[in-house]
Amino acid sequence: MSPIVLVFFTVYGGVHVYAFLRARSALGFGTAAGVALAAFMLVMVMTPFIVRVLENQGYDLTARTLAYVGYLWLAVLFLFFCSSVALDVVNLLSGIVGRAAHPRSLASLVPVKSSFAISVGLSVLICLYGYFIEAKDIRTEHLTVETTKLPAGVDRLRIVQISDVHLGLIVRASRLSKVMDIVRAEKPDIFISTGDLVDAQINQMPGLVELLNEVNPKYGKYAVTGNHEYYAGIAQALDFTKRAGFTLLRGEAVSNGVINIAGVDDPTGAQLGIEKPESDVAVLSRLPRDKFTLFLKHRPVIDKDAVHLFDLQLSGHTHKGQIYPFRYVSEISYPLNSGKFVLPGGAILYTSRGTGTWGPPVRFLAPPEVTVIDIVRKKGHS
């Protein structure tokens, strides 16, 4: 078992233990109910693994059904845990203040049963909102970048970026159709995917390639790998992306006659020991600096030695945490978590919140986006 998987199951299992103890404390159920709840929680902990096995065996409907149940439960449990811990802190602080004023006071500000009911109610309500409203509310975010590096006769170049769509058991053709409606309406000159176009569950997905092939901009379509392309099986993920009309940039740099475009693979391939990618510097240094350089990199990580070699980096991966307050966890690893960041020397990084959902089909305070970037000629330069 890989360290990442081990950590996931340890943490996820620990949160289940916490929730079980809170439920028992609040509800006071007996042995039979406790065994039933513990069995259900054990199945939920193992759901990501069970779903993968079911899908690989061809049980698509069963896998999809269990994925919905298991991942929605994950969202509810995460929000319950956050709410419950917050109320625990409130009780702790109120207890400290209360004992200071009345040394014999043992009362909690929020009783155990009320705390449990509030936490359950909030988590369910937020998940309902996040599933039915926010996850389906695909925003269009606009970014304008001025440059002196556009060729004569080109005053504006429109790039449309999707990222972290996670096509698979849960994100299907209906979702992608809405995304592509937005992309078409923006009339891109270049169409970009910054990784995780497909998820680990990639089987039996008719119509997706055709939807992506409906957009064929003047200056091309380009993509890079994300970590989930490797989880899906890199060979089939690359085949899908190519059939969808994208030029894959895997440690490669090209010039389409208007701008330079470079892209690198996600480091997951190197971590799995199946490839050894080139450095950002090695890829970008092949390009002429008199042209605007667009750099595609799934994770919003900056190589300080390469920052002067590009003008705009487009990334994704973080989902802005997807479900608040998880953004504070993702910011530990990826401080440049969401939005526009001006880097030393004037280059720009833009980190997308992502266009789809991973795991739970829920978003909260982190709506999905399609990003529209206009590269425009700086005023006063012809």
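Tutor: A nonpolar core here is a set of buried Ala, Val, Leu, Ile, Met, Phe, Trp, Tyr and Cys residues joined through side-chain atoms within 4.5 Å; buried means under 20% relative accessible area, exposed over 50% and partly exposed in between, using a 1.4 Å probe and protein chains only. You are looking at a predicted model, where local features need pLDDT of at least 70, side-chain atom pairs count only at pLDDT 80 or more, and totals for chains, interfaces and linings use all residues. Numbering starts from 1 along each chain as its sequence is written, and side-chain values use heavy atoms, leaving out hydrogens and water.

The largest nonpolar core has 30 residues, and Leu167 and Val183 have the most contacts inside it. At least two residues of this core come from each of strand E2 (156-162), helices H5 (173-185), H6 (208-212) and H8 (234-243), and strand E12 (369-377). Helices (H or I, at least four residues) and strands (E, at least two) are DSSP runs numbered from the N terminus. H5 gives the largest share of the core, five residues.

Leaving aside residues up to four places away in sequence, Val183 touches Val160, Ile162, Pro188, Phe191, Val215 and Val370, a contact being heavy atoms within 4.5 Å. Apart from this core lies another, of 24 residues, including Val154, Tyr219, Tyr222 and Ile375.

Ser193, in strand E3 (residues 190-193), is buried at 2% relative accessible area.
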